[in-house]
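Some notes for the file follow, point by point. Please read them with the model open.

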Amino acid sequence: MFCRLPLSVIKQQRFTRFLIHRTTMESANLRDLNEPLVDHAEGQHFLNEAFKIIVEEVLCKGTDATQKVCEWKQPDELSLLLDLELRETGEPQDRILQRVRDVAKYSIKTSHPRFFNQQYGGVDYHSLAGRFLTEALNTNLFTYEVAPVFVLMETEVLKGLRQLVGWSEGDGLFCPGGSTSNMYAMNLARYRLFPEVKTRGLWSLPRLTIFTSPQSHYSVQKGAAFLGIGTENVVLVKVDDGGRMIPEDLDRNIELSKSQGAVPFLVSCTSGTTVKGAFDPLDQIADVCDKHKIWMHVDAAWGGSVLFSKQHRHLMKGVDRASSVAWNPHKMLVAGLQCSTLLLKDTTNLLKQCHSASATYLFQQDKFYDMNLDIGDKSVQCSRKVDCLKLWLMWKAIGSAGLAERVDKGFVHARYLVDEMKKRDGFHLVSVPEFVNVCFWYIPPSLRGKEGSADYQDRLAKVAPVIKERMVKQGTMMVGYQPLGNLVNFFRVIVFSPVVSRRDVDFFLDEIERLGKDL
Ligand SMILES: *Cc1c(COP(=O)(O)O)cnc(C)c1O
């Protein structure tokens, strides 16, 4: 709307409005400025009430085998149920508490003993306490000044993990996930070879190549794209029947790449592949990397936890010969999302040289304490969440022995599952499991004995998605399926969570049969 009043009047009006506004503001200010905007008593009461709901819904019901794992709703319906829209005015506390309850109710219960869907699951109460404490303290892991406890703690936890790898010295960083840890390794390997990349960029580089197996995690591809290496420069090395990289094929591919004028700079091995749980033969791969002087990275995001187990750590024999290791304690160790580390053998401060920007407002060089404690400049992040406390508190509570027991138990459950499958009709293993991933097809009675028929594979491919849909809609359990290479859809069940017992493993098999026998 345009105002047609003379300018002097407009000015006058504005001035009066300003005065009125100022006087009301001032009187309000005089009263309110002596009080914070937050009412602590009210806030803490709310928090206590919310906490009760969280314990009841997420930790009591959410871990009770007689309750549902998930409460499936179509997206439109869920949107309505949650009343997601944000509005001008706030709502009363009891309404907000109901919202807390709704969020818990309609979320997936990943702590449930029948949640087999992913490589995380279950609950550890000490790590959960560490997570709550981290949130409450709400600090930033970049300088000693704002995170004195956590700078020291992160250093200690990384040291503990490095010792399990077999390194008495080295470096490392907690990263936001294993994908990021893998990308860091890539960036460091490139920087070590071509430090000018930091200042001159890709302009200064020859064509670089990475070697990994086709069953490695997709973050290797993402990293190559993100860092300007290019996914076409990720060379896929052949694997054996168990999904393990073949060292002779690695050597052959490196030679071939060199003969084509590229510079091989990184081999990304996997300890515990995501689908099959295969462990690449690290010792033999290390020989190839030594021969060609290539950075050896071990993506042990999933399998790294076997290093705790005296019985199973042989799966990663030779890991001490690597240059870097990515390891996610939020997976098998149940440290809680997210908890992921990059471990480095390097003692030359490569991490900091490669990533530092030396911001003068944060990393002042004239501080009154040892500036090496300001570890934040090693990271590509500025704000960095504290991810070490949950692992540290849990590790303190149950010790390395307790963590080892957790890993060993996962193997025992997986072996039991395989033995039970052999006793039943219709369960067909994809391959003999090396780890706690059990990959199998469920063959419904109608398909048994029909392996020779032309449409067998097509029909088999449709079984897992239907069983999955049924289990999610009924909320009885969750397990993942996927195709792999030329293999049609099969289930991947992962048993490692400390809340799982033999009863749940038996239930798993019964439930697959119940949901699939009419297909
Ligand atoms: C899970 C996984 C990753 C990715 O870790 P995020 O924390 O999910 O990014 C990388 N590699 C392997 C082998 C994994 O299983």
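1. Helix 7 (residues 178-193) supplies the largest share of the shell around the ligand, namely three residues. The model is a predicted one, and the points below should be read with that in mind.

2. The shell holds 15 residues, of which Gly178, Ser179, Asp299, Asn328 and Lys331 come nearest to the ligand. Sorted by class, eleven of the shell residues are polar, two are charged and two are nonpolar.

3. In Asp299, a side-chain N or O atom is 2.6 Å from a nitrogen atom of the ligand. Lys331 places a polar side-chain atom 2.9 Å from a ligand oxygen atom. For Thr274, the distance between a side-chain N or O atom and an oxygen atom of the ligand is 3.0 Å. The protein buries 87% of the 380 Å² that the ligand exposes when taken alone.

4. On the domains: the assignment divides the chain into domain 1 (41-107), domain 2 (140-385) and domain 3 (398-516). Between the C-alpha centres of domain 1 and domain 2 there are 38 Å.

5. Which residues touch the most other members of the largest nonpolar core? They are Val267, Leu391, Phe440, Phe508 and Ile512, in a core of 103 residues. Helix 13 (residues 388-423) gives the most to this core, with 14 residues. Because domain 2 (140-385) and domain 3 (398-516) both contribute residues, the core lies between them.

Note on methods: Residues numbered from 1 in each chain as written. Predicted model: local features only at pLDDT ≥ 70, side-chain atom pairs only at ≥ 80, totals over all residues. Heavy atoms only, no water. Domains from an automatic or database assignment. Near = heavy atom within 4 Å. Polar contact = N/O pair within 3.5 Å; in protein donor to acceptor, adjacent residues only side chain to side chain. Areas by Shrake-Rupley, 256 points an atom, 1.4 Å probe, with all protein chains shown as cover. Helix = DSSP H or I, 4+ residues; strand = E, 2+ residues; numbered from the N terminus. Nonpolar A, V, L, I, M, F, W, Y, C, P; charged D, E, K, R; others polar. Core = buried A, V, L, I, M, F, W, Y, C linked by side-chain atoms within 4.5 Å. Buried < 20%, exposed > 50% of the residue type's maximum accessible area, 1.4 Å probe, protein only.
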